Amino acid sequence: MSIGNILLALLVFSFIVIFHEFGHFIVAKYNKVAVIEFSLGMGPRLISLAKSEAGRKILFFKSNAYFEEHKEYAANTIYSWKILPFGGSCMMLGEEEENENENSFSQKSVYARMAIIFAGPFFNFILAFLLALILIGTVGYNPASIVTMEENSPLIAAGVQEGDIVKEINGEKIVVSGELGFYMAIHPLDGSPVEMTFDRNGEEYSKTITPVLVQREDGTQAYRLAFGYGTRQKVGVWKTIGYAAYEVKYWMSTVIKSLGQMVTGHVSRKDVSGPVGIVKIVGESVDNSMEAGKETGKGVQNVILTLINLSIMLTANLGVMNLIPIPALDGGRLIFLIAEWIRKKPLPQKFESYTNAAGFMLLMALMVFIMVNDVMNLF
């Protein structure tokens, strides 16, 4: 994997994380909450931009102790870039403890605090929608249109033609080709007949299709429908907006369904990817896009569109994952605030602090596991 591809992947990560944290930041500022630090990454600071009474300064490798000693920076937000290129933060006054300052997070109404916490994941969904608008507006949306059928494909015998669009499979609605691919991934063919609905020039028809048993290159056998699908189609402005919104909904539902597959044990350790695995995927996608665009001279355009497509998936993923009700995540904090709203008073501070600390330790352990898993999958 080239250094350039790694840098591109880190740039994509950074952009998505910054947009998430900007959601917290902008809503906190709107509610007049003092933001102590807005940072990209984790760990020790590499570079900080801080404003003192004497003006703005660029500071290198400054610790918390430095800013505690230099009170002239205390009234303003510190903007930092940290050494580990994962995650980020928007640290607010009174976020982790009670603070009597009127501009502290803890002194704001429960509704204001809920809005601030929810803003991060919500901005991820906004970003996914904006990127989907660019992608679909440029190259169109991606219906499950039949592109090719092999000689032994049972679809040929059923009267299906190239250009027909899959609209439903075994009762599952299909709007974009990714839904068909995801359905096939979690419902492997076992030889049982498959109920499929197709669209041909605006008219729908249904067929019962029995998969065929074929020999793979490695000598094993598998049931297949033996067809290729998916080609982009340009649409008008209003449909572009509609399909962009659907693209976000598709990725959100895919993440939720994938989590369900993990819980039920249908997804193995090898199917889970973290930062290292995603960098590998981004790198391979960039290389494939550049190679595919060589003949047409659109290599750079292909790479940009590929990165936009991956960013839609990643930002929607981050938004959903952050809403999981686990302490230390935005979803866990929202649960505490909902409990406060129901009880008409906050939960005990010690309980919330200890629970968040335990959740953070669990997340760190999970991150280590996923990174080790990524490295093992590389080999």
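Helices here (H or I, at least four residues) and strands (E, at least two) are DSSP runs, numbered from the N terminus. An axis is a line fitted to C-alpha atoms, for helices over the stretch in contact, and angles run from 0 to 180 degrees between N-to-C directions.

One thing before you click: this is a predicted model, where local features need pLDDT of at least 70, side-chain atom pairs count only at pLDDT 80 or more, and totals for chains, interfaces and linings use all residues. Residues are numbered from 1 along each chain as its sequence is written, and side-chain values use heavy atoms, with hydrogens and water left out.

**Stop 1: two helices**

Select residues 110–139, helix H3, and then residues 330–343, helix H9. Their axes come within 10 Å and cross at roughly 160°. That makes H3 roughly antiparallel to H9 (the label covers angles over 145 degrees). The crossing is left-handed, meaning that the near helix is turned anticlockwise from the far one by less than a right angle.

Now show side chains. On the H3 side, pick Val110, Tyr111, Arg113, Met114, Ile117, Phe118 and Pro121; they meet Asp330, Arg333, Leu334, Leu337, Ile338, Glu340 and Trp341 of H9 (contact means heavy atoms within 4.5 Å). Sorted by type, the residues of this contact are ten nonpolar, no polar and four charged. Nonpolar here takes in Ala, Val, Leu, Ile, Met, Phe, Trp, Tyr, Cys and Pro; charged is Asp, Glu, Lys and Arg; the others, Gly among them, are polar.

**Stop 2: a charged pair between the helices**

Stay there and zoom in on Arg113 and Glu340, whose side chains form a salt bridge at 2.5 Å, N to O. The rule asks for a side-chain nitrogen of Lys or Arg within 4 Å of a carboxyl oxygen of Asp or Glu, and the count by it comes to seven salt bridges.

Are these two partners buried or exposed? Arg113 counts as buried because its relative accessibility is 10%, and Glu340 also counts as buried, at 12%. The cut-off for buried is under 20% relative accessible area, using a 1.4 Å probe and protein chains only.

**Stop 3**

Next, select Glu37, Arg45 and Lys82, which salt bridges with shared partners join into one network. The closest N and O atoms of Arg45 and Glu37 are 2.7 Å apart, and both residues are buried. For Lys82 and Glu37, the closest N and O atoms lie 3.8 Å apart. Lys82 is buried, as is Glu37.

Key:
Angles under 35 degrees count as roughly parallel, over 145 as roughly antiparallel, 65 to 115 as roughly perpendicular and the rest as oblique. Buried means under 20% relative accessible area, exposed over 50%, partly exposed in between (1.4 Å probe, protein chains only).
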